[in-house]
Amino acid sequence: MMNNGGHNSSAAFRCLVRRKRVDAATSTKQTLATQQLARKLSLFDLVAIGVGATIGAGVYILVGTVAREHTGPSLTVSFFIGGLAAALSAFCYAELACRCPSAGSAYHYSYVCIGEGVAWLIGWALILEYTLGGAAVARGVAPNLASFFGGVDKLPSILARQTLFGIVVDPGAAILVVIITALLCTGIKESSLAQAIITTVNISALVFIILAGAYLGCKTGWPGYEVSSGYFSFGINGLLAGSATVFFSYIGFDIVASTAEEVKNPQRDMPLGIGIAVSICVILYMLVSAVIVGLVPYYALDPDTPISSAFAGYGMEWAVYIITAGAVTALCASLIGAIIPQPRILMAMARDGLLPSFFSDISRHTQVPVKGTIATGIFIAILAFFMDVSQLAGMVSVGTLLSFTVVALSILILRYVPPDELPFLPSDQQSNVSGQHLDAFETDVAGRPLLQSDVAQDKLRRRKLAAWSITMVCFGILVVVAAISTEGLSSILCFILTGIGGMLVICCLTMLNSIDQAGTKESFTKSGGFMCPFVPFLPVASVLINTYLLLNIGAQTWIRVLIWLGAGVIIYIFYGRGHSLLFDDVRRPITHTNDDHADATLS
């Protein structure tokens with residue numbers, strides 16, 4: 001009788017807790033009903049945003065520098081390897097964007113899977129990435145526009161760079177940022193339409209380069225491939241060094257994830273949008289590089305204007321106008337891609353209380369974060385006007401690689417050590433994670449009390465084993481990459497450290513692979529959601545590549561980044577932590593029984 005009474009009391013308590021949770025969910029939905037982003041984006045819009053943000057003007061220059069310094073005629077292979085490396089991160093983004101279709105991208109994923117502190121640092125690093133990236137892109141427009149006017153000296157004064165109190169200012173860059181900011185404030189659908197038009201012009205220029213270059217190559221016999229040093233002129237080391245360089249030309253597909261809350265059908269369109277965007281970029285990069293290095297021997301390529309000079313060498317000087325049009329539109333598309341995600345990341349952080357609520361305001365008319373967009377545009381415009389940020393360009397890569405690494409780790413955590421609880425926060429209101437039975441076997445044994453204790457202990461052991469395996473894999477990767485990347489390290493010590501780290505990675509990865517993860521994905525796969533393949537091997541490979549690239553970034557860049565992250569830590573300690581919604585410890589379980597699943601899901 002006492003057991004029955006205890007069981008009834010427990011059931012009554014669970015009902016009361018459930019009722020309170022539903023009341024809290026209803027209250028939150030009513031409060032935020034008027035502050036929702038518009039779900040207007042289709043698959044075509046996502047592809048346009050992803051391709052436009054990824055294919056920047058860098059490809060018009062990168063072809064020459066990488067071929068001359070690293071790869072020779074094998075530049076196409078380097079673009080392929082770089083594309084494969086980017087695809088590893090793209091697979092991870094695709095699953096998380098499908099599971100967690102909410103604004104915030106990597107910030108939101110790390111918030112759900114790792115914790116608020118790490119999420120804050122990732123969000124803070126992304127703010128740096130998009131701000132510096134946008135300012136650098138904006139300042140690159142004037143030199144490219146000069147080709148239309150016959151030189152930099154002939155540019156209109158409003159577009160030309162001027163010297164003001166000893167500082168070289170760029171009014172044209174600031175004006176462009178203001179125009180694009182105003183465009184983005186009109187609505188996400190209007191912004192995606194403009195991005196699609198601009199990206200179409202850029203792709204048309206690249207298609208012209210491919211077709212016209214192929215015609216010239218077939219006509220002349222592809223002299224660029226007849227060099228005495230052979231196809232792999234710099235060997236395998238040069239090929240891999242070139243791949244590491246061109247990897248950064250694929251940055252941009254992650255911007256698609258930041259718009260997940262504005263997609264009509266995120267579970268279907270987000271993975272397709274990311275995958276199609278990356279595939280288009282890989283194909284275009286490979287075809288352009290194959291044509292250019294085939295037309296001109298790699299050592300004769302102009303490092304500044306490789307494509308236009310290659311066509312000029314065949315008497316097609318007029319092609320420079322088409323190529324310049326492609327470069328200018330590529331810069332505009334990249335600038336749109338740099339400004340779109342930042343207000344949404346700021347909005348997600350403000351929803352969680354880590355930033356002032358000013359950034360979480362959404363316009364009722366346009367249903368976009370207008371205040372955050374204007375603030376972002378003003379800051380980027382000022383930076384582009386006064387500063388030459390080319391010296392800080394490396395800092396952009398750090399933010400990207402950190403986010404790629406955290407996203408890959410989030411996949412491992414979500415599959416093997418899914419959080420028992422999720423913060424009951426507005427930024428998580430659209431998250432499908434809360435609606436998934438991430439540990440389905442718990443529900444199966446809910447009606448069998450005698451088995452619950454054994455199951456709970458078995459689950460705890462499995463989670464601890466998986467958590468330690470993930471931790472040690474990361475430590476092993478760090479040891480291997482540090483040993484390989486450290487200059488001046490003796491070959492014997494390098495071999496020992498690499499062997500120890502490698503064995504640690506292999507053993508822990510094998511152990512991780514033996515742990516059953518079927519319970520974490522059964523419900524999601526049945527609902528048609530995309531699942532990252534080859535887990536845990538694919539995310540671990542992504543972490544390995546990103547860690548290698550991170551450790552090979554210059555020391556001066558890391559010093560600047562650490563100063564920025566240090567400033568972020570101070571802001572978090574004195575503002576974010578005290579205002580965080582986690583401060584009230586309002587939390588909800590991730591797993592639900594069938595009867596309360598629908599009520600507890602906000603979206």
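## Close-up views of a predicted model

**View 1. R268 and D269 pair up.** The side chains of D269 and R268 form a salt bridge, with N and O 2.6 Å apart. This view, like the others, comes from a predicted model. D269 counts as buried because its relative accessibility is 2%, and buried means under 20%. The structure holds eight salt bridges.

**View 2. R344 meets E262 in a salt bridge.** The N to O distance here is 2.7 Å. This pair links distant parts of the chain, 82 residues apart. R344 sits in helix α15, residues 341-351. E262 lies in the loop between α11 (254-257) and α12 (266-295). Both R344 and E262 are buried.

**View 3. E95, R99 and R415 form a network of salt bridges.** Within it, E95 pairs with R415, and their closest N and O atoms are 2.9 Å apart. The two residues are 320 apart in the chain. E95 belongs to helix α4 (residues 75-99), while R415 belongs to helix α17 (residues 393-416). Are E95 and R415 buried or exposed? Both are buried.

**View 4. A nonpolar patch lies on the surface.** Its members are I167, I374, I378, I382, F386 and M387. Together they have about 510 Å² of accessible area. Which helix gives the largest share of the patch? Helix α16, residues 370-386, supplies four residues.

**View 5. I382 is a member of the nonpolar patch.** I382 is placed in helix α16. Its relative accessibility is 45%, so I382 counts as partly exposed. That class runs between the buried limit of 20% and the exposed limit of 50%.

Technical notes
Residues are numbered from 1 along each chain as its sequence is written. This is a predicted model: local features need pLDDT of at least 70, side-chain atom pairs count only at pLDDT 80 or more; totals for chains, interfaces and linings use all residues. Side-chain values use heavy atoms; hydrogens and water are left out. Patches are made of residues with over 30% relative accessible area and no salt bridge: like charges are joined within 9 Å, nonpolar side chains (Val, Leu, Ile, Met, Phe, Trp, Tyr) within 5 Å. Accessible areas come from the Shrake-Rupley method with a 1.4 Å probe; for residues, only the protein chains shown count as cover. A salt bridge is a side-chain nitrogen of Lys or Arg within 4 Å of a carboxyl oxygen of Asp or Glu. Buried means under 20% relative accessible area, exposed over 50%, partly exposed in between (1.4 Å probe, protein chains only).
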